[in-house]
Amino acid sequence: MTRAYDCIVVGAGPAGSTAATQLAQDGVRVLVLEQDTLPRYKACAGAVSGRATGLLTLDFSSVVEDVIHKVKVRWANADTAPIEYVSKTPIAYLVMRTSFDQLLVQEAITAGAIIHDGEKVQAIDLQPEHVAVQTTHSTYKAATLIGADGAVGIVARQSGLYLAKSSGIALEIEASVPPDQLAKWKNTVLVSYGIPRHGYGWLFPKSQHLSLGMGTFSPRRREFVSDFSAFTDSLGIPWEWQDLKAHPIPLGGRDRRFCLPRLLLVGDAAGLADPLSGEGIAHALHSGLVAADSVLASLDSGDFSMHSYQTAIEQEINSNLRVAKQLSNAFYTLPKVFFHLFLTSQEILAWYFQLVQGDRDYQDVWELVRKLLKPQGLLKWREHGEYPTQ
Ligand SMILES: Cc1cc2nc3c(=O)[nH]c(=O)nc-3n(C[C@H](O)[C@H](O)[C@H](O)COP(=O)(O)OP(=O)(O)OC[C@H]3O[C@@H](n4cnc5c(N)ncnc54)[C@H](O)[C@@H]3O)c2cc1C
C-alpha cells in the first residue's frame, strides 16, 4: 500500500474535480483517480446552465462554443412553427465536455490535488478507521472517499448505495453540417417534445458542428433509436451509426442514501440529474462543493459519520428534484397538454427558463403549473393517449 491521503476522489468529471479543488485549496491531501486518459470525451449536450455557472469560480469563456439566448420549442417532428422564447440574458453556455471538464481538472491540479488518469478503480474496502482503494496500478488508503464516478460508478455499486432502475437514457451525435445550416442555429437551441414519449429531442449548436440528441426518462422503448432517426430526418441532418453515443442519466428526486461513514457520493454517482430535463452539471458541481465541506468538517472534528452530508444534499438539491420529478411525471404523461400550455402561456416558458438560469426553483414552476391547469382539472387526468381537446 502506498502513501495515505485525507481524501480519495474516484472520477474526474465536474463533480470530482470540483470537490478536489475545494479540498486541495483548504490544504487537504487529495488524490483523484480517473479511469480514462485525460482529457476524456463525455457524451453530453454540453449546456452549462445559469444555475451551473453561478456555482463556478473559474472563467470558462475560453471553452464556450455558443451562448444561448433563444429556445425553440416544437411538437414532435411537425412542420408547424415552433414556439420561441428569447431572453436578453444568457440561458446557457454551450461547451464541449472534453475541454470544459479538462479546465476543471486543471483547476484542481493548480489547487494542489494529485490526479492519476488512466487508472481504474477496481475495488473499495470501507473500514471503521480508513478506506482502501484498489486500482489497476496500486492500492491507496485514505480517511475519506468521494464517489464521483458517474452513472454506473463502482463506488455506489460496491458500497450498496447504487439505486437500480433509476436512470433515463440519452443518445447523441455530433453532426458536421454546411456553414449556412450552422449559422442558422447560432445562439439558438431546439427542444422537441412528443417523440419520444417520456422524453425529448434536442439540437444544440457548437462552434463547428451541431450536437443532436434524445433522452427518455421512463420505460425503455425499443423505438428509441428509430425515434431519433425520425428526429434527425425531420431536420435534414444525416449521421453515421458509428458516431452514435449512448449514456444513462441517473435521475434525482428519489428516496436514497448519498453517504455512509467515510464515504460520499456526488453528481451522477449520487443520482442527481434533473428528472425533467436530464441536466446534471449544476448538481454535480453543487454536490461536489457540499461534499468538500463535509469532508473538511469530518477531518476537523474526527466524526466521520457524514450525517450532515445526507441532510445537506436532501435540503439543497434533492428536495427541489422531488418537485421536478412530480412535474416530470405530469409533463411526460400529458405532454400535449403541457405543450398546449406553452402555446397559450409565455409565462410558463419564461418561468421554466428562469429556473434553468438559476433564478427560480421547481416549487415556483410547479405552483404556476397547478394554477394554470387547475381550472381544467387536467392534473387529475391520467389516461395515456390523446389530449382532450375540449
Ligand atoms: C447525452 C447526454 C447529454 C447530456 N446533456 C447535458 C447538458 O447539456 N447539460 C447538463 O447539465 N447535463 C447534461 N447531461 C448530464 C451530465 O452529462 C452529467 O450529469 C454530468 O456529466 C455528471 O458529472 P459527474 O462528474 O457526476 O460524472 P461524469 O461526468 O460522468 O464523470 C465521471 C467520471 O468518473 C470516471 N470513472 C467512472 N468509473 C471509474 C472507475 N472505476 N475508476 C476511475 N474513474 C472512473 C469516468 O471516466 C468519468 O470521467 C447529459 C447526459 C447525457 C448522457
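These legends walk you through a few close-up views of a predicted model. Residues are numbered from 1 along each chain as its sequence is written. In this predicted model, local features need pLDDT of at least 70 and side-chain atom pairs count only at pLDDT 80 or more, while totals for chains, interfaces and linings use all residues; side-chain values use heavy atoms, leaving out hydrogens and water.

View 1. Let's start with the layout: domain 1 covers 4-44 + 97-165 + 252-322, domain 2 covers 65-95 + 167-249, and domain 3 covers 323-380. These bounds come from an automatic or database domain assignment.

View 2. About 920 Å² is buried between domain 1 and domain 3, with carbon and sulfur atoms giving 52%. Buried area is the accessible area (1.4 Å probe) that two parts lose on being put together, summed over both. On the domain 1 side, look for Leu276, Asn320 and Arg322: they lose the most area to domain 3, together 60% of what that side buries. Twelve residue pairs, both at pLDDT 80 or more, are in polar contact between domain 1 and domain 3. A polar contact is a pair of N or O atoms within 3.5 Å; within protein, one must be able to donate a hydrogen and the other to accept it, and residues adjacent in sequence count only if both atoms are side-chain atoms.

View 3. A polar backbone atom of Ala47 is 2.9 Å from a ligand oxygen atom.
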